[in-house]
Amino acid sequence: MFDRRFSQYFDWGILIFTIGLGAIGLLTLYSAVTSGAPCYQSILYVKQLIWYCIGTLFVALSLIFDYKLLDRWAYAIYTICIVLLICVLVGGKYVGGAKRWLSFAFISIQPSEMVKVAIIIVLAKYYSRHANTKGFSLRYLVKPMLLTLIPFILIVMQPDLGTALLIVLIAGLMTVFVKIEKKTFRYLVLVCALVIPLVWIFLKDYQKQRILSFLDPGSDSLGAGYHLIQSKIAIGSGAVFGKGFKKGTQNALSFLPEQHTDFIFSVMAEEWGFVGSIVLLFLFLILIIWGLNIAYACRDNFGTILCVGISVMLTLQVFINIGMVMGLMPVVGIPLPLISYGGSSIVTVMLCIGILMNVSMRRFVFE
Amino acid sequence: MKKYLETIDCDWFKRRLIGVVFCVVALFIILILRLFHLQIVEGEELKRLSINNCIRLQDIDPSRGLIFDRNGNLLVNNRPSFNLNIIINDAKPIENTVKNLLQYMNISEKEVIAKINRSKGMFMYKPVLLKKDIGRTALASIEAHRFDLPGIDVNIKPRRHYIYKYCASHLIGYLSEINSCELKSDKYSVYKAGDFIGRFGVEKKFEQYLRGKIGGRQVEVNAKGRVVRVIKTVNARPGYNLYLTIDLKLQKKAEELLKGLAGAVVAMEPLTGEILGLASSPSFDQNNFVVGMTHKQWNLLISNTYRPLENKVLQGEYPPASTYKMITAIAALEEGIIDRDSTFSCNGSYKYGNRIFRCWKKSGHGNVDIIQALSESCDVFFYQIGHKLGADRLAWYARKCGLGKITGIKSDQEASGLVPDTEWKKRRTGNAWQGGETLSVAIGQSYNLVTPIQMVVLTSAIANGGVRNKPKILREVRTAEGSIVCKRETESYGKLPASEDTLKIIKKGMWETVNGSKGTAKNAFIKGIDASGKTGTAQVVNSSIYGDDDKVEKLAHHKPHAWFLAYAPSNDPKIAVAVIVEHGEHGSSTAAPIAMEIIRLYLSDFTQIESELVAE
């Protein structure tokens, strides 16, 4: 199965950028958890390192197999992920009012992270079969819609509106990429425009309130709004060159919420300033464009759509997370790929990058 | 051919990929512009803010709702209390601050230092409570020396104040501080450490009305921790005010009458089910719970044999004794075992099998009909009709009259009482029901247990013509501004299992009890008040239940409990009362005067109001 020629096509570039981002992530995480008062979080960076290793192991193993196997196993992977999501709802662990975690003997996993990849794979399979130059008509879109709706509902029930919407966005953008028939597209836009206000009318007051404060955290000036102010202060106070490694006061004095997960960019921006932040953003940009380039070079439809899906996912996560901590987006729990702490997130993103490498390696091989 | 055209080759995707790249770059440009704005344009200003770390969140606690009686008399309010806090980061140098503080305050240095050390790190910027409820004099000296005490802060917290000590304590209940276990549970997620939470009675039951909604403000503070500017305020919503159904005057009178006794009084408006007064004696001072009790105070409360913490109206289960005869009478009349004119002869005792069942009156009552039997409380009469009814039919009527289950009044753990029947006994003891036990049940002197609240509901139902109204203690809920949030309507469980004629007979019997020349409560008769009632003398030591061996207790504990149920005026009932005095001996001598006095007070108020209305 494994061909010696693959090593000569091995994509060193993407590996280097991934390692670079991972290193920045670890360094920032180290600062985020050790600068403040010592607490149970102080060893999180060790755990994160272990997760990177596990992720790397998975990637190395996955490279042996041809990514076309994903095409064959797409529905199996999807089904497993859906079952895991149902398990979460049934026997998940409550953390902060939501059931998102499934705990096993010594680790907890977050199936909603894996679902993102599963959706990308299953849609890539479907679209690669049915794509045509005219675009998809409504009849052909029913199945992808259902495939997206099932995990969406299951994740909304956790409840984790952020991740659920992210999945819809990824699926939607992938569909736009493979083209929707013009008539159908107009029709869909019209339906959305009609349905959304209708749903609004039928929502209960407290549900409206939740959505309003979700859309406008400024209205919640004592909770999320306060965090946002502190986050903006942290980022802004980094100015051009930053305060220096482990010298971020906003971080050290625990003004930042979730400074090791969702708000980790604030920690980085405070310590490394505009210069450091730009470097990070460019690393992400290059990684994503690299992924799109792999899609460009790929010669089969499945591989192309798969790589586009993964690039779209990375773009959305970077944009939403960094946009959120800078006050461009509502505060939702979307992790920053490769930087935020979290085993499920790290392993998922690493697997995605493994898929990109896989596609890249096999671009010249024909069956 | 067509198919070939429709399938896509890679070049088609490649053209679309260029669009994707443009979108991605555009999104990154947005991020970079925003970053530029925050870090370069606003960088210096945000840096200044971060250096002082000067934005703080402060909570605004809502003031808890007030509690009034039915006439708008204030029963419970909040008084200001002053809490001493320290914000560690602002109190530098901390040693000096603590030293200065100890000069003005009477607190131990060790305690202060321990509290500060515990809070270092996590809570550097949050106020840490040093001492609760410092007095006004301590406050004055702190305020006078503010400059020596950076980071020391006194905040005013409202504290619950029960205006009338010992008054309606069981009904109103009390608050205490939330504990760490509760704070961890999701149910109490809106609470924070230091909050007070209703623990008992109305305070607990209507917590969601009383609590209000927390507010807060974002403030900018200077290096010394003083507020320089308020950035944003979200006002707290004060809790709703509760208007209870109780009448303060009647409540106080009931408590005064019970002073020195163990027992309970409950008064209800028969037509609406509104509780006019609910007293359980001995009582306790609720303020002690709010301030915090010493071990000694607490031990005194819980070791008291007369159980001051128990709400005897709801939780006290007593043998109903002769007050149960009304139920036996209803059952017998409804089942056609007797009618208005049936008579039985009582010669002081009744022989059943080889056992002798005595009447309380050794010489016997002679020939009695149902009305005499009720008013003179003739046991022999009821032995005979009880025997004819049987235990299970009697139990069915008792349950239909609301005994054996909770009334569902909005208050704490209510006891259900007990209505014994043959099945219950089989299940409970494994032995079959004895015929003689039916006779004891018929006079309320067997396994039967009732609570005063059940008996007042029963009395009200008899008085108002058979409608069993659910007792209620809350009349209405108003916002702090006075607009009505909700009103409690009268709810009814249904009717007594008795026809109008039956009730007329029962009422006549109860009228004779107070007004007749031989009535058991004739001594309690008050001129000018047309009351009806029923006495009860509940034997505590009953040889048939306890056996003779138990007679080692102190004599006082052998004395029977005294019951009296009454309503007035007889034909237009405005008040129904149930009184129990533990070990009060005779219903007629201890319980009846209490009930009558309450009725007199309440009705005199009524006539006064009516005459005022007429005068207008």
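**Exercise 1. Work out how strand E11 of chain B is paired, and place it in its sheet.**

*Solution.* Start with the pair itself: strand E11 (residues 263–268) and strand E23 (residues 575–581) of chain B run antiparallel and are joined by six bridges. Strands here, like helices, are DSSP runs numbered from the N terminus, with helices (H or I) of at least four residues and strands (E) of at least two. Two strands pair if DSSP finds at least two bridges between them.

A word on the model before going on: it is predicted, so local features need pLDDT of at least 70 and side-chain atom pairs count only at pLDDT 80 or more, while totals for chains, interfaces and linings use all residues. Residues are numbered from 1 along each chain as its sequence is written, with chains lettered from A and ligands numbered from 1 in the order in which they are written.

Next, widen the view to the open sheet of five strands, whose order in chain B is E12-E11-E23-E22-E21, with antiparallel pairing. Strand E12 (275–281) and strand E21 (532–538) of chain B each have a single partner strand, so they stand at the edges with one side lacking a neighbour in the sheet. On average, neighbouring strands are turned by 5° against each other, direction ignored.

Helix H21 (residues 452–463) of chain B lies across E11, E22 and E23 of chain B, at about 145° to E23(B). Such angles run from 0 to 180 degrees between N-to-C directions; axes are lines fitted to C-alpha atoms, for helices over the stretch in contact.

**Exercise 2. Describe how helix H3 of chain A packs against H2(A) and against H14(A).**

*Solution.* Take H2 (residues 12–34) and H3 (residues 44–64) of chain A: their axes are 9 Å apart, at an angle of about 160°. That makes H2(A) roughly antiparallel to H3(A), a label for angles over 145 degrees, with under 35 counting as roughly parallel, 65 to 115 as roughly perpendicular and the rest as oblique. Contact residues, meaning those whose C-beta atoms, placed from the backbone, lie within 7 Å, include Gly22(A) and Leu26(A) of H2(A) and Tyr45(A) and Tyr52(A) of H3(A).

Now turn to H14 (residues 343–361) of chain A, whose axis comes within 9 Å of that of H3(A) and crosses at roughly 30°. H3(A) and H14(A) are therefore roughly parallel. Among the residues that meet are Trp51(A) and Phe58(A) in H3(A), and Ile346(A) and Met350(A) in H14(A).

**Exercise 3. Find which element of chain B gives the most to the side that touches chain A.**

*Solution.* Begin with the totals: 40 residues of chain B are in contact with 47 residues of chain A. Elements giving two or more residues on the chain B side are H2 (10–41), H3 (43–52), E1 (55–60), E8 (215–221) and E9 (227–234) of chain B. H2(B) gives the most, with 19 residues.

Then sort by class: this side of chain B has 23 nonpolar, eight polar and nine charged residues. Nonpolar means Ala, Val, Leu, Ile, Met, Phe, Trp, Tyr, Cys and Pro, charged means Asp, Glu, Lys and Arg, and the others, Gly among them, are polar.

Conventions
Two residues are in contact if their C-beta atoms, placed from the backbone, lie within 7 Å.
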